[in-house]
Amino acid sequence: MESVNNRPFEILSPYDRWWPTRDQLNQSDYEKLLPPLVHKIREAVANWRDSDYAGVSTTSKALLKFWFASPHKVNDCPFRFFFSQQEAIESIIYLYEKAGATDKYQLMKFDSSGRISTGMFMENWPRYVIKMATGSGKTKVMALALVWSYFHKLYEPNSSLSKNFLIIAPNIIVLNRLLKDFGNFRIFREEPFIPDNGFADKNWKNDFQVTLHIQDDIKPITGAGNLFLTNIHRVYFQEDDELTVEEEFLGPKPKPDADTSRGLDLGKILRGGKLQDLVVMNDEAHHIHDPNMQWFKSIEEINDKLKLKYGGGLAIQVDFTATPRHSKGEIFVQTICDYPLVEAIRHGVVKSPVLPDEASRNKLTERASDDFTERYRDYIHLGYLEWKQQFDDLHKSKIPVLFIMTTDTREADQVSQFIQAQYPELKDKVLTIHTNNSGEIKESAASKRDKEELEQLRKAADDIDSDLSPYRAVVSVLMLREGWDVRNVTTIVGLRPYKSPAKILPEQTLGRGLRKMFAMGLKEELVVVGTSAFIEFVEELKTEGVNFEYRPMGQAGAAKNPLIVEVDRDNPQKNINGLDIEIPVLSPRIYRDYKSLELIDVAKMEIQPLKYNTYSEDELKEIVFKDIDGEVSHTTIFNGVLPDYKNVLAFFTRNILKESRLVSGFDVLYPRVQEFIEQKLYGKTISLDSPQTIRNLSEMEATRAIYNAFKKAIDELTVSDKGTAEIRNYICLLNTKPVVMDNREFMRPKKSIFNKIVADNKYELQFANFLDNCPEVISFAKNHSGIYFKIEYQGEDNNIHEYFPDFFVKTEKSIFIIETKGREDVNDPRKIERLRQWCADVNALNPEKKFIPLYVKQEDFEKERGHLKTFKDVQAIGKIKS
C-alpha cells in the first residue's frame, strides 16, 4: 500500500525550522527574511505546549485538547489540523492569555533581532499577524481564533475577548472565498471546530449562537454574538472613483477620502450601544502596511470609539497573509507566527514549483517582432506542451488549468486568440479575465450589460476548479495576485517584461497555482515557464529558502505528474468483466472490548516496587517529563512552577491510552492510574501532592513502570478473538473508483482490470510482470487505496493493527491472496497467520470459490527466478503451512 505523508501534522521543534544561510542573509536584509518576534515565541509556545498548556483558562485548555488531542473525522475520513494551524492558534492564545502580550511593550520582549522599536508598531491595541504560506489553511486558523474568543468570552468571568467579530476582505473575490466557509457557518458544521455538547461539561454546540451579517445585509444585532463579514470598500465605499481592471474584477481597495454614507457603517452600530467589544480579523492583510491608509484608519476609529464609550478598545486584531511586507520588503514586526513557503513545500502542503532546466531554457527565443504572441511564441508553446502532458495524465480525475500572465489586457486578448487558434484542445475553453479592451471602466458609468458580464466573469473564475467548468486555460494580466484561490492551475506561463510597474511579490505570483489538487501525501508539480526576467523574478524566492526543481521540459516522459489508476474500460483488448475479481469482506475476528477496562484490578497488577527518592531543593526546581513514544519524544520542563498532580496523572493516563490505541476510556482508567501510583508503584502509600512525588514520577523509570504495568493489564483484558467471522459484503474490482498515486515505477498490464500496476518497489514490479505472463493466471491486481482490502491482526505489541495484502490472483478454480515481502519485520509471522485464518474462514463460509494464501519472499523469488515457469511454481515457494 502507498505511504501516507504525516509531515504536515508533525510537531516541529523551534530549532528544526527554516533559517536563512549566511549567503541568503548576505543577499537580503534580516528584516526581509525573518520576523523578529517569531523565534522566541516558538520557543515559549513549545515549552507551554509541553506543560499541558499550563496557566491559561479552563476554556482555552479544553479547546486546545479538543482540537489537537482528540480524534476527528470529516466525511467518515480521519481529520487532523496541520501543525502550522495548531502553532498559529497556540501562539495567539499563549501571547494573549498566558504571556499577557497585548501591547507593543510586552511583544517586544520576544524580539530576537535587536532591530525593532516601539515606533514600528502603528497601533495601540492588541494586533497579531499570522504569516502562513498560500494554501496552508489560513482560513481554518481564522475559524479557530473566532471559536476561542467566543467561548472564552461566554464561559470565562471577566474575559476581555468578544463574541462579536468583524472579518474584512480586501475585495469581492476574497470575500466570496470566505463566504464558502463562513456562509451559513458551513466550516463550523462540517469540521471539528466546536466540541460536542458534554465535552468538558459544557454545551458548546448549543451555546454557539452567532448571527451572520454579510456586507450591508445587517440583521438584528444580538447579545449572543455577531459575525460581520464584509469587504473593506463596503465599510467605506467610494461611489464615483474610477476603478482599475483589477478593482473592477476583484472589487475596489479602500480610498483615503471614502464616502462613509454608503454601505455598512460600523460607526452607527457601535454608537448604538449594542456592541461593547469586538474582534477584528483581516484576510490578505498585507494591504494594512501604512497607518495613512483608510483601511488602517477605519480600524483605528473603531478602536477609539469603543475605548471612548466603554473604556476598552478592540479586544484583539488578528491579520492573516502569506506576505506581510512593507513596500520595501520588510516583514511586519507584529508577525507572531511564520509558516514560510519553503516549509509548506517540504511538507507537501502545496505543489512543488518546477522550472525548465538550462538546456530547455536555451531552446527558447524571444523573437524580434511587434506581434506579442509571435515574440513569445516559444514560451507559450513550452507552457502548452507541459500543460498538455498534465492534461493527458490527469484529465480523467481533474482538469489541469494553464495560466498565462500578461501585463495588459490587449496582450491578454492576443494570447487568448492565439492559443485557441493554435491548439484544438483549447478552442472555446479559454477564460480571459478583464472587462473591456480599454482596460478600465467606471462602475458608476458601467452599463447593466457590463455589470452582468462582470458578474459572469467572476463566477467563471471562481468555478474554474469545478468538474463542470468548460475552461482549460486562463489568460490574465498580473492582477490575480491574491484571493483567486484555485487548485487546478498546474502550469504558469509568465510573459513579464524586464521592468514592470506592478507591485507584486514572487510568492503572490506562484500563489495562483500552489494549492494542491489532490490529497496530502501525493507530490504535485507546479510548472513555471516564462521569460528570463520572469524566471529571475520567481527565483528571488531562493533567498527565502525555496529550492526549485529543474528538469527538461517540452519532451515526453519528463513530467512527474501523479498517476491515475482506474478500471481500464477504454482498452478494447480487455474483457473487463472477465478480469474482475470478487473479494469477500469479513467481520473482524480480533477486536477490543472497551468495557473491559472496568475489570482492571490494581491490587492484582504485578510490579517490582520502585525506590522513592528524596531530592534537594535545587533538584525540585526543574522537573522534566518525557513521553513514551518508542523511546523518548519531547521534553516538558517546569522551572519553579510545580505541576498539579492531577495534570501529571492525566499525562500518564493519556499516554497509556495512546500507546494502547484506545480512543476512549479516560474516565475509567484515570482513577486506576491514581490508585496504582498512590498505593502500589513505590511499595507504600505516598502523597500525590508532594513535590517529592512529582519529582519521582518525572523519572523515566517511573514512566516505563506505569506504562508497562497498564499496557499488560489492558492487553490481557481488551483484545479478544471472536473465533468466528461472517461475510458482510464483497469488493468487486470492477466498481473501484479512480485513485491518484505518487509518480513512481509502474507497468501497463494485459491481465489486470486496471490500466496500471503501481509498485511500491522493484520486487513488486518484477512479480507483477511475472503474473502478467503466467498462462494459468486469468487476472491479477495490486491492492491499493481504491480497493482498500485489509485484515485486522494483533501485533507483537498486542495492539490491533491493519494489514493490507499485496496481490490478488484469479485462476480457473481459485483466488490467491498474496503477500510479497523483501525484508521481514517482527509482525510478519502474525500477519501471515492471520491471512491463513482469513482464507480458512472464507472457505468455510463460501466453498464455491477457494481462497488460498501465499507468502512469496523476495529472496526465494530471486533465487528460483530462472526456474519459475508457471504459477504452480510460485505456489510451491509461497505455500503457507496450516
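Analyst: Two strands pair if DSSP finds at least two bridges between them. Helices (H or I, at least four residues) and strands (E, at least two) are DSSP runs, numbered from the N terminus. This is a predicted model, where local features need pLDDT of at least 70, side-chain atom pairs count only at pLDDT 80 or more, and totals for chains, interfaces and linings use all residues. Residues are numbered from 1 along each chain as its sequence is written, and side-chain values use heavy atoms, with hydrogens and water left out.

User: What makes β28 and β29 a pair?

Analyst: Strand β28 (residues 791-794) and β29 share 4 bridges in the antiparallel sense. The requirement is at least two bridges, so they pair. Glu792 stands opposite Glu802 in β29. The two strands form a hairpin with 5 residues between them, and Asn798 in the turn has a positive phi of about 70 degrees.

User: Why are β12 and β16 called edge strands?

Analyst: The open sheet has 7 strands in the order β12-β13-β11-β14-β15-β10-β16, with parallel pairing. β12 (430-433) and β16 (549-551) each pair on one side only.

User: How do you know that β12 pairs with β13?

Analyst: They run parallel and are joined by 4 bridges, and Leu431 stands opposite Val474 in β13.
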